Amino acid sequence: MLKYICYPKCTTCQKAEKWLIDNGAEYELRDIKRNNPTLSELTQWYKKSGLPLRKFFNTSGLLYKSLDLKNKLPEMTEEEMLSLLSTDGMLVKRPIVIGEDFVLVGFRENEWTEKILK
């Protein structure tokens, strides 16, 4: 079963969840604001995703902007970035879908179709 991590008030997350329902995907929902990802989870997801760590940051979020992370991230180590992400779910890009052999960050329908409906 897929793990679907989202912020229910986010319109992209709502669109992504509708896609999951419309395509008959079984998933377990987790509210990222109420149940923040741990450092250990983020580290596992990052390694499993194959994505650059910066892709895990919600760059359009108010917290990201207020912390001036655009300028600070290039100077941070992976450990510092993962640690920061684990402090507040609103820093983390969403939705995130975790499958047995993949992690998808953000909603790109083509990518979801390829990985989830295979």
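Hi everyone. Before we start, one term: a residue counts as exposed when its relative accessible area is over 50%, and as buried when that area is under 20%. With that in hand, let's look at the structure above, which is a predicted model.

First, the overall picture. We have six helices and four strands, and along the sequence they come in the order β-α-β-α-α-α-α-β-β-α. The radius of gyration is 14 Å, close to the 13 Å from the globule rule for 118 residues, so this protein is as compact as a globular protein of that length. Its C-alpha trace spans about 40 × 25 × 25 Å along the principal axes. Of the 118 residues, 43% count as buried.

Which residues of α1 are buried? They are C13, A16, W19 and L20. Looking down the axis of α1, these fall within an arc of 115 degrees, so they line one face of the helix. As a reminder, an α-helix has 3.6 residues a turn, so residues three or four places apart point the same way. The face turned away from that buried side carries the exposed residues T11, K15, I21 and D22. And what do the buried residues of α1 pack against? Their partners are β1 (2–6), β2 (27–31) and α6 (109–116). Just past the end of α1, G24 has a positive phi of about 70 degrees.

Next up, α2, residues 39–49. Here the buried set is E41, L42, W45, Y46 and S49. These residues cover an arc of only 130 degrees around the axis, which puts them on the same side of α2. Over on the other side, Q44 and K47 are exposed. The cover for the buried residues of α2 includes β1 and β2, along with α5 (78–85), β3 (96–98) and β4 (103–105). Just after α2 comes another glycine to look at: G50 takes a positive phi of about 75 degrees.

Methods:
Residues are numbered from 1 along each chain as its sequence is written. This is a predicted model: local features need pLDDT of at least 70, side-chain atom pairs count only at pLDDT 80 or more; totals for chains, interfaces and linings use all residues. Side-chain values use heavy atoms; hydrogens and water are left out. Buried means under 20% relative accessible area, exposed over 50%, partly exposed in between (1.4 Å probe, protein chains only). Helices (H or I, at least four residues) and strands (E, at least two) are DSSP runs, numbered from the N terminus. The arc is that of the directions from the helix axis to the C-beta atoms. Contact means heavy atoms within 4.5 Å. The radius of gyration is taken over C-alpha atoms; the globule rule is 2.2 Å times the number of residues to the power 0.38.
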